[in-house]
Amino acid sequence: MNKTEILALIQFFSLRKTYNFLKLYVSFLISKTSKSSKIYGLPMALSIEPTTACNLGCPECPSGLKQFTRKTGNLSTSLNKKIVDELSGNLTYINYYFQGEPYINPHFFDFVSYANSKKIFCATSTNGHFLNDENCKKTIESGLKRLIISIDGNNQETYEVYRKNGRFEKVIEGTKNILRWKKKLNSNYPHIIYQFLVVKTNEHLIDQMKTLASEIGVNELRIKTAQFYNFKNGNELIPENDKYSRYIKTLNGQYKLKNKLSNHCWRMWSSAVITVNGGIVPCCFDKDAKHTLGDVKKNKFSEIWRSKSYNSFRNQIFSDRSQIEICKNCSEGTKVWA
């Protein structure tokens, strides 16, 4: 986070939220030491999924490729309100993104506005194709604090290699729109980040992307490593420069995850993901929600959070994390920042 974002986050903090964080961290340390899950607080952060629909067809994205087993749909305002109302006293941060393109949901601005009114720092990630004048104005008025715009090339040719069906100039136009509306409404927010997903076909563009980000005037350029589902035998999009890859080639010619999977995970205590239909999954690597641990439409979040099934999943982390499918591609420790 930059200085402006940190100041916004501090304004949303309270004694209750600080106490909740301390309870979470202490319970994590106790659990890590005893190898047995104990949970004393509620999550300080959430990812809430506005939609599973997307207008693009990126080759490593199950949403874009329509490869989900779960149905395409939109989050409702009533479900968002239920979640926020129950957790707002302890919640510091909501990322309104999981799968899909958030701006497709017509109620997206209502979600952010409501959470913002409850003193919660809100962020989202977009492919930038829906940033017209009306949406840019509403974005700023909603109180969104961070906007990540995915842009993986510096022209149409390099951009569309990964962002299938995408239009580079549309992203540039949308970025200029949101910057213009920030200025017009005299707003410091949202903090705008260009996110550059590095693959083999664009890894030579790092310097050019820094120049582009500077010329456009976004607040930050973030370099992100790409996740590949079938990486063991290689993938034509894995970067040649190990610095920008989550994977490393072994002596036998196969690939493995670069970082070591330790048998603990702070995310299981600090945050959770809620799908478009109210399912709770442990983290953002469970894209198809195969490890759904409860349904907030049917039960209170707090009951699910402390349930036997949730604690059982946390305990699996302590025994052998490498045997949990969604953990096998975890990028914790492999992020690269510009």
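## Helices α3 and α4

In this predicted model, helix α3 passes helix α4 in a right-handed crossing. On the α3 side, the residues that make the contact are Thr77, Asn80, Lys81, Val84 and Asp85, and on the α4 side they are Asp110, Phe111, Tyr114 and Ala115. Sorted by class, this contact holds four nonpolar, two polar and three charged residues.

Now for the geometry of the pair. Helix α3 covers residues 77-87 and helix α4 covers residues 108-117; their axes come within 10 Å and cross at roughly 20°. Angles under 35 degrees count as roughly parallel, and α3 and α4 are therefore roughly parallel to each other.

## Helices α5 and α7

The axes of α5 (residues 133-142) and α7 (residues 168-184) come within 9 Å, crossing at roughly 45°. That is why α5 and α7 are described as oblique to each other. The crossing of α5 and α7 is right-handed.

The residues in the contact of α5 with α7 comprise four nonpolar, three polar and four charged ones.

## The sheet

Let us turn to the strands. Nine of them form an open sheet with mixed pairing, and their order is β6-β5-β4-β3-β2-β1-β9-β10-β11. The edges are taken by β6 (220-225) and β11 (294-295); each has a single partner strand, so one side of each is left without a neighbour in the sheet.

Strand β9 (residues 271-274) and strand β10 (residues 279-281) run antiparallel and are joined by two bridges. Within this pairing, Val273 has Val281 of β10 as its bridge partner.

The sheet also brings us back to α7. This helix lies across β4 (146-150) and β5 (191-198), and α7 runs at about 160° to β5.

## Loops around α7

In the loop between α6 (156-159) and α7 you will find Asn165. The phi angle of Asn165 is near 75°, a positive value in a residue other than glycine.

In the loop between α7 and β5 lies Pro190. Tyr189 and Pro190 are joined by a cis peptide bond, with omega at about 5°.

## Salt bridges

Across the whole structure, a search finds ten salt bridges. One of them pairs Arg70 with Glu49, with the closest N and O atoms 2.8 Å apart. The two partners are 21 residues apart, and the pair links distant parts of the chain. Both Arg70 and Glu49 are placed in the loop between β1 (45-48) and α3. In general, side chains of opposite charge can pair when their charged atoms come close.

Terms used. Residues numbered from 1 in each chain as written. Predicted model: local features only at pLDDT ≥ 70, side-chain atom pairs only at ≥ 80, totals over all residues. Heavy atoms only, no water. Axes fitted to C-alpha atoms, helices over the stretch in contact; angles between N-to-C directions. Helix = DSSP H or I, 4+ residues; strand = E, 2+ residues; numbered from the N terminus. Parallel < 35°, antiparallel > 145°, perpendicular 65-115°, else oblique. Left-handed = near helix turned anticlockwise from the far one by under 90°. Nonpolar A, V, L, I, M, F, W, Y, C, P; charged D, E, K, R; others polar. Contact = heavy atoms within 4.5 Å. Pairing = 2+ DSSP bridges. Salt bridge = Lys/Arg side-chain N within 4 Å of Asp/Glu carboxyl O.
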